[in-house]
Amino acid sequence: MMTLFPVMTKAQSVVAENVEDTVYTPTRELVQLAFRTVEKKDLLGGVSVINIPEYMEKNYTSFAIEGMEAFAGGFNGNIWGMGSYLTLIDGVPRDNWADVRTSEIEQITLLKSAAAVALYGSKAAKGVIMITTKRGEANNQKINIRANTGFYMPVGYPEYLGSAEYMTLYNEARRNDDLADLYSPEIIYNTYVKTNPYRYPDVDYYSSEYLKNKFSTSNITAEVSGGNDRAQFYTNIGYINEGSFLNFGEAKNDNTNRFNVRGNVDLKLNEYVTGTADATAIFDNTRYSFGDYWGQAANLRPNRFAPLIPISMLEASDENSLLFVENSKHLIDGKYLLGGSQQDLTTPFGDIYASGYGEGASRQFQFNVGLNVDLVKMLKGLSFNTRFSMDYSNTYIQSFNNQYAVYEALWNNYAGVDQISSLNKYGEDKKTGVQNLLGSWQQRTTAFSGQFNYLTTLDAAHNISAMLIGTGFQRTESTLYHKNSSANLGLQLGYNYQHKYYADFSSAIAYSAKLPEGNRAGFSPTFLLAWQISEEDFLKSSSVIDHLKLTASAGILNTDLDINDYYLYKGYYTQTEGAWYAWADGFILTQSTDSRRGDNPKLFYAKRKEISLGLETSLFKKLLTLDANFFTNRMDDIVTQVYSLYPNYFSTGWPNSSFIPYSNYNCDERIGFDFNVRLNKRVGQVDFSLGLTGLYYDTKAVTRDENYADAYQNRAGKPLDAIFGLQSNGFFTDEDDIAAHATQSFGQVKPGDIKYMDQNDDGVIDDKDAVYLGKAGWAGSPLTMGVQLTAKWKGLTFFALGTAHTGAYGMKDNSYYWVYGDRKYSAVVRDRWTEETKNTATYPRLSSQNNDNNFRSSDFWLYKNDRFNLSKIQISYDLPQHLLQKTFIRELGVYVSGSNLLTIAKEKETLEMNVGGSPQVRFYNIGLKVAF
């Protein structure tokens with residue numbers, strides 16, 4: 001269940017944080033947690049915090065969670081490998097963290113343990129990322145401006161064969177299939193020597209003819225904040241512009257623009273009542289050319305057609321073709337017609353040159369209002385907070401859609417030079433001039449919360465806290481019939497003795513309409529104990545241990561996150577989706593009524609059951625700090641249709657019919673630890689800081705709906721991200737080798753095809769021989785680590801950030817590696833099996849057929865994705881303060897940086913290559929910051 005909580009301003013946090021304090025003290029480190037703010041010294045296990053302004057001083061980035069795995073232990077793109085997380089921006093569930101720029105953020109808090117997320121209810125059961133934006137401070141007016149400009153460069157592109165080499169190897173593939181050559185030596189030769197690229201095309205889709213070697217981006221941000229004791233304000237205005245790699249036709253004008261405004265006001269209405277008001281507006285505009293250039297670049301063979309047909313090569317006597325030229329509405333540069341063929345009625349070049357363009361627009365508006373009341377007149381330590389939020393977003397596309405004709409040239413050489421005898425035209429040119437409006441989508445979210453807080457200290461030693469929280473949430477979306485609605489009731493009870501011994505009970509009662517009546521409410525309790533050992537007398541005077549805290553927590557969280565639709569507890573019949581059948585005479589067609597699933601009125605929440613331990617310490621006067629957590633959890637009673645518990649006639653393939661209900665059955669297990677170690681040392685005049693973070697976790701499918709004949713194929717007992725496939729055993733060397741081997745059931749095999757192992761010794765290789773091969777890392781690699789180094793000398797700062805991932809595998813199963821039939825040939829086929837290379841080949845024989853034997857999941861295509869990335873280097877320089885004393889400038893600094901600079905990995909080429917999409921990039925930036 002999605003929930004809302006009121007983020008407290010700095011001036012208001014005293015109401016909910018510590019009754020002994022009466023004003024906010026900037027030197028105190030405050031951390032935003034679920035529905036409350038606490039001092040960092042009272043922060044308990046299962047939580048990581050990043051203070052963004054400090055982070056931005058040495059590592060400028062536009063994106064809120066970029067490189068977070070190097071700053072927060074437990075994060076690897078997910079939290080503790082759970083697969084997803086709830087994003088809260090100023091307490092409101094907002095799906096996209098990219099809605100807020102890093103310059104707008106004060107703090108990011110990762111809530112990892114069950115105890116840390118419990119108050120947020122069902123939708124938070126897999127972790128929470130809390131983003132708290134900046135607010136104004138009383139009597140501290142600030143104006144901050146940042147300007148950045150930089151450029152993206154491609155890391156690399158896939159390498160494909162040119163036309164001549166492709167045709168040569170495709171002939172070989174046909175010979176391997178006992179077919180005649182398709183391409184003559186003359187055509188291959190003329191293509192190789194580039195006699196006429198229009199007649200013998202050799203298209204390199206990744207050449208500088210079509211792509212820029214870099215594209216630029218620029219952004220500017222202005223922040224203004226301040227106020228007095230009664231009112232504080234904060235405003236952030238930002239703009240960003242970004243181009244693209246494509247460099248011809250309409251694509252030259254591809255760009256993205258984003259303008260955002262964020263503002264908030266905090267008001268002290270009287271001695272007991274304060275209020276907040278926040279507003280955000282985000283305007284995104286994207287201009288783009290039509291077509292799927294990157295997808296087609298990875299699939300269209302280089303010799304398939306010439307992108308352009310030069311009109312200068314038309315025979316003067318070819319009146320029909322000259323008439324085509326005269327009537328064409330898409331004469332490129334006044335010299336070319338668009339090339340194509342009867343099989344290629346549209347092309348990526350035609351799409352970009354002639355099919356028009358689109359302009360996508362996105363508008364987001366976010367509003368929060370809050371009220372905070374100190375009820376000290378009723379009871380000392382009692383307060384009340386409430387907040388209401390409304391978000392509205394919509395997107396739409398305006399486009400000019402044109403049609404275009406393509407032309408295929410018929411060539412001759414009887415005059416001693418290549419000429420076009422005639423043109424075949426396919427399609428028609430059509431420009432309507434009509435602007436189309438399409439893709440309209442909108443979403444509206446409303447959220448409300450109210451909470452009573454109680455904080456008191458008895459005898460200057462016993463600190464007691466309590467919260468009673470009620471929240472509601474509703475989202476409507478133009479593409480969905482059913483509103484996403486939920487409600488949540490939370491209760492927190494806390495106690496600590498002299499900030500030494502801690503006990504906390506946090507719980508929620510979730511309500512979900514996805515479950516049957518009677519089962520819609522679920523109680524989620526968590527318990528936490530902590531001991532701040534460094535506050536004990538026997539450690540207070542230690543010269544080694546500055547700080548030492550142990551935490552233990554346990555809890556059960558009810559969640560409907562993996563219930564992917566409403567009414568799954570109800571069976572239903574359908575005619576709309578039923579099959580058609582006819583009587584014997586064949587004249588009367590009748591549609592069947594089919595069951596899709598059975599009823600289960602006992603369907604209930606899945607449950608996250610967890611135990612976690614935490615250790616936090618600081619040694620040798622903060623020379624070394626460590627924050628570590630161990631966790632073991634089970635996601636139990638996951639909802640699925642359990643076919644193995646019912647007779648097979650309860651479900652049929654055709655007509656598609658099933659009486660199997662959804663049930664609480666599957667169980668997942670995760671166990672692991674995270675850590676964040678930091679070493680701080682001053683050497684001479686240089687301050688060094690070295691940080692190391694990490695997350696290691698292992699997973700297991702405890703229970704699965706399965707009924708395999710061979711136990712080695714069971715998913716239960718294997719990792720959640722288990723890859724299954726065949727085990728290869730080299731290539732078949734000759735026909736005798738094939739005859740002596742178990743029969744492979746994936747089509748005819750020949751020498752040079754992949755040989756597989758018969759796991760069950762039944763003499764047949766089929767899907768029953770698939771075994772566990774490795775972990776896929778679907779929720780992040782089993783081990784993720786980050787390292788950061790900061791060195792500061794006077795105003796000069798050097799910062800470096802690296803990340804490492806190890807323990808997961810990938811499968812080389814995209815079109816770059818699985819080359820068969822009429823697919824485009826990549827560089828990997830150069831290492832193919834032939835009679836001459838049978839002892840050194842690393843790729844199976846080529847085939848012009850589908851060859852289902854070779855191109856299937858097996859360890860032949862498996863690779864390790866172990867890698868180390870040098871993710872960022874930044875050098876910053878801040879002008880000395882004495883140079884600015886007589887100016888109106890408070891701070892002035894410049895910085896240069898590079899991102900995604902280096903990858904060290906055995907499979908570097910594979911890991912850095914995008915197939916069918918825009919390339920991975922390196923980014924170089926220069927920035928200026930000014931404070932007034």
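Tutor: We'll take salt bridges, then the cores.

Student: What should I know about the model before we start?

Tutor: This is a predicted model: local features need pLDDT of at least 70, side-chain atom pairs count only at pLDDT 80 or more, and totals for chains, interfaces and linings use all residues. Residues are numbered from 1 along each chain as its sequence is written, and side-chain values use heavy atoms, with hydrogens and water left out.

Student: OK. How many salt bridges does the structure hold?

Tutor: There are 42. A salt bridge here is a side-chain nitrogen of Lys or Arg within 4 Å of a carboxyl oxygen of Asp or Glu.

Student: What is the N to O distance for Glu-250 and Arg-287?

Tutor: 3.1 Å, between their side chains.

Student: Why does that pair tie together parts apart in sequence?

Tutor: Glu-250 lies in the loop between strand E10 (231-242) and strand E11 (255-268), while Arg-287 is in strand E12 (residues 273-289), so the pair ties together parts that are 37 residues apart in sequence. Helices (H or I, at least four residues) and strands (E, at least two) are DSSP runs, numbered from the N terminus.

Student: And Arg-287, buried or exposed?

Tutor: Arg-287 is buried, at 17% relative accessible area. Glu-250 is partly exposed, at 21%. Buried means under 20% relative accessible area, exposed over 50%, partly exposed in between (1.4 Å probe, protein chains only).

Student: Which residue does Arg-258 bridge to?

Tutor: Asp-284, with the closest N and O atoms 3.8 Å apart. That pair links strand E11 to strand E12, 26 residues apart. Arg-258 is buried, at 7% relative accessibility.

Student: How far apart are the closest N and O atoms of Glu-912 and Arg-922?

Tutor: 3.9 Å. Both residues are buried. Elsewhere, salt bridges with shared partners join Glu-57, Asp-878 and Lys-929 into one network.

Student: Switching topic. How many residues are in the largest nonpolar core?

Tutor: 59. Tyr-205, Tyr-293, Tyr-825 and Val-829 have the most contacts inside it. A nonpolar core is a set of buried Ala, Val, Leu, Ile, Met, Phe, Trp, Tyr and Cys residues joined through side-chain atoms within 4.5 Å.

Student: Where does the largest share of this core come from?

Tutor: H4, with six residues. Helix H4 spans 163-176.

Student: What does Tyr-205 contact, leaving aside neighbours within four places in sequence?

Tutor: Its partners include Tyr-293, Phe-305, Phe-349 and Lys-824. Contact means heavy atoms within 4.5 Å. A second, separate core of 31 residues includes Leu-110, Met-635, Ile-638 and Tyr-697.
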